[in-house]
Amino acid sequence: MTQWCELQQLDAKFLEQVHQLYDDNFPMEIRQYLAQWLENQDWEHAASNVSMATILFFNLLSQLDDQYSRFALENNFLLQHNIRKSKRNLQDNYQEDPLQMALVICTRLKEERKILSNARKCDQNHIGSTHTNVMLDKHKELDMKVKDVKNRVLEIEQEIKLLEDVQDEYDFKYKTFQNRDHEPNDVLVQNEHRKEELIIKNLFYTMDVKRKEVVQKIAELLLVTDQTQGALINEELVDWKRRQQISCIGGPPNACLDQLQNWFTVVAESLQQVRQQLRKLEELEQKLTYEQDPITHHKQILHEQTHTLFRQLIQSSFVVERQPCMPTHPQKPMVLKTGVQFTVKLRLLVKLQELNYQLKVKALFDKDVNEKNTVKGFRKFNILGTHTKVMNVEESTNGSLAAEFRHLQLKEQKNTGSRTNEGPLIVTEELHSLSFETQLCQPGLVIDLETTSLPIVVISNVSQLPSGWASILWYNMLTSEHKNLSFFLNPPAARWSQLSEVLSWQFSSVTKRGLNTEQLNMLGEKLLGPNSSGDDGLIPWTRFCKENINDKNFPFWLWIDGILELIKKHLLPLWNDGCIMGFISKERERGLLKDQTPGTFLLRFSESSREGAITFTWVERIQNEPQFHAVEPYTKKELSAVTFPDIIRNYKVMAAENIPENPLQCLYPDIPKDMAFGKYYSRPKEAPEPMDTDGPKGTGYIKTELISVSEVHPSRLQGPDNLLPMSPEVYAEVARIVGPVDIDNVMCATAGYAN
């Protein structure tokens, strides 16, 4: 198992440490794509040897080129862009100093080993026994069992060679003895005959014992193999498939299949050797057999057991490594749009060289699906594109036997009549299945292989994508079944503890931050009702995705999805840095701000916008009482014109004829506004002169800037602490009309009022 695979199996607190190791200097995606290659290089030596560092630097660039080519074949534009950007960053940062790159990678790998070591120490010291440590121990035990199977096969191989030697010796001496029967029968000859006869009998006895031992050891081996194989298929493979489901809906990345493939392959190779060993025993039997021959009595059942185990192993090893996904929406697999290409990757966990280019895989849609005939209104689809592929080792980066379908599309079959909407399921609740078939043919053995993707939602319009993704989330959160296509005829409710984790994954999978406890508590109250904090109540499917939330005209999930899209397109850096509090009730918001200095503000998402919107609320003090003000929420329309940091920097309030001022001073709790957002401002704070017409292109126009201004009623400014300053011109006009004495009287009265 590679170090990178081990890291991905660690508990969340250790995974967070891994995340902190990687940044733009050496991005995690390079670590992911080139895991095996990176771990096989001597970076410690390269960090002190400029020649070796230079060689490794250019080798790394070459590896990235290879990876780029694979993405190009997949037509995966996004991943092509990312890998090309990573390569440029490496060239910019390290081409002049490859030693530094070697040192960076060496340090990262050492830190990874420290994290792994610390994770193991937690188990050794019994400090909170974690699931990860249990998995590692379980894998060690399974690894020993697989090695035991392999060692037993090698031992039997030696035993058969010894048996063959004993049988050859017996056969030779017996035939030689038989040929001497015509010689004179004097006393000496008879004595010699008796001695030879005794030797031959001993050889026969030894041969018989050896045959029994070999047959017994093969039977024991098959029993041990059955137990080991059962653990692989019924536990490890099932666990991997469940982890794949969780990973598909935004959970922790699934552990790679390499270790599972190694185990499957060792067991398969061992069973292939047992088949050869049984054939060898049959050859020995054909040369010489006798009454009570253990080979004759047991060969049939041993053959059947071996074939059954091999067939079961091969059939279980045929898996969907990467679930169906549109390249345009890599974070939302299993939602496919008609007419849009999607990709899916298969893998055979048994890596036998003789199978390369031997397995032709065919893709089928909704094969043997009962719902097609039993659920009214169930849609039917045809697969377009190349729907057959031959599995080969060139399809994968690690030499595994794989087949990747890159150009499949779905097209709905048109019914003779118009489609009815009377069916029990809406389009985004209708689950479909993508199956794959192939056949393995070997001398004396034909095995049909079939595997199925996780249930798929097929949409015809991109506006259905959020609801389709909600169905995928709900299904994979609540069941590990792969073929329950009637799931949404009676969908089970979810516990808040389950749903809250999945909701947090929706944010952490596309950003660097999930949702904290307070944010989840606010969302929990929306679904479960007020004062439900801490409750692990049940949430029906309709409450999550279909019913309008509270007094709004949209459901809970569509509101969350709109906010996610807003973050990804307009607020990602602010969200990653923790500037956005986001999900907070108005009561909690006021509780946080009421004791803060005037001008303290926080950022939260609007609860009244379906498409996602963000606002800010700040506190002022009037007659020593806190007053709270929130600006009208900004949607993607406004944020497409002006970035949110610039809106915060330039925001103004204006009442009557007072000079507009920015009331936003500190981001909660006490971070100066420019310190929190300065690095995101689109241009330096010191703007050029207002009438400067010499723009970058010499257009001759006066530069303009969009700013947000809120107009407030003058009554809001009735406290002396809240008066906005007058301009010099306005003050001069007031002094001319009122007179200096009256102004002094007003100021004295104001001072007395304030005291």
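1. The model is a predicted one. In it, β9 and β10 (residues 445–452) pair in the antiparallel sense over eight bridges, and one place to look for this is Q439, whose bridge partner in β10 is D448.

2. The turn that links these strands also deserves a look. β9 and β10 form a hairpin with two residues between the strands, and in this hairpin G444 takes a positive phi near 75 degrees.

3. Strand β9 (residues 434–442) has a further pairing, with strand β4 (residues 360–365), which is antiparallel and runs over four bridges. Within this pairing, K362 stands opposite E437 in β9, a pair that can be found in the structure above.

4. Elsewhere, four strands form an open sheet, and a reader tracing across the sheet meets them in the order β1-β3-β7-β5, with antiparallel pairing. Its edge strands are β1 (318–325) and β5 (381–384), each of which pairs on one side only. From one strand to the next, the twist averages 30 degrees.

5. As an example of a residue pair here, I383 has L410 in β7 as its bridge partner.

6. Is D293 buried or exposed? D293 counts as buried because its relative accessibility is 0%, and the cut-off for that word is under 20% relative accessible area.

7. The surroundings of D293 can be described in two steps. Its side chain makes a polar contact with the side chain of T289, at 2.8 Å. When the neighbours within four places in sequence are left aside, D293 is in contact with R211, E285 and L288.

8. Finally, some totals set these details in the context of the whole protein. The secondary structure comes to 24 helices and 20 strands, and of the 755 residues, 46% count as buried. Among contacts between residues at least 6 apart in sequence, 70% join residues that are at least 24 apart. The protein exposes about 38700 Å², of which carbon and sulfur atoms supply 50%.

How values were computed: Residues numbered from 1 in each chain as written. Predicted model: local features only at pLDDT ≥ 70, side-chain atom pairs only at ≥ 80, totals over all residues. Heavy atoms only, no water. Buried < 20%, exposed > 50% of the residue type's maximum accessible area, 1.4 Å probe, protein only. Polar contact = N/O pair within 3.5 Å; in protein donor to acceptor, adjacent residues only side chain to side chain. Contact = heavy atoms within 4.5 Å. Pairing = 2+ DSSP bridges. Axes fitted to C-alpha atoms, helices over the stretch in contact; angles between N-to-C directions. Areas by Shrake-Rupley, 256 points an atom, 1.4 Å probe, with all protein chains shown as cover.
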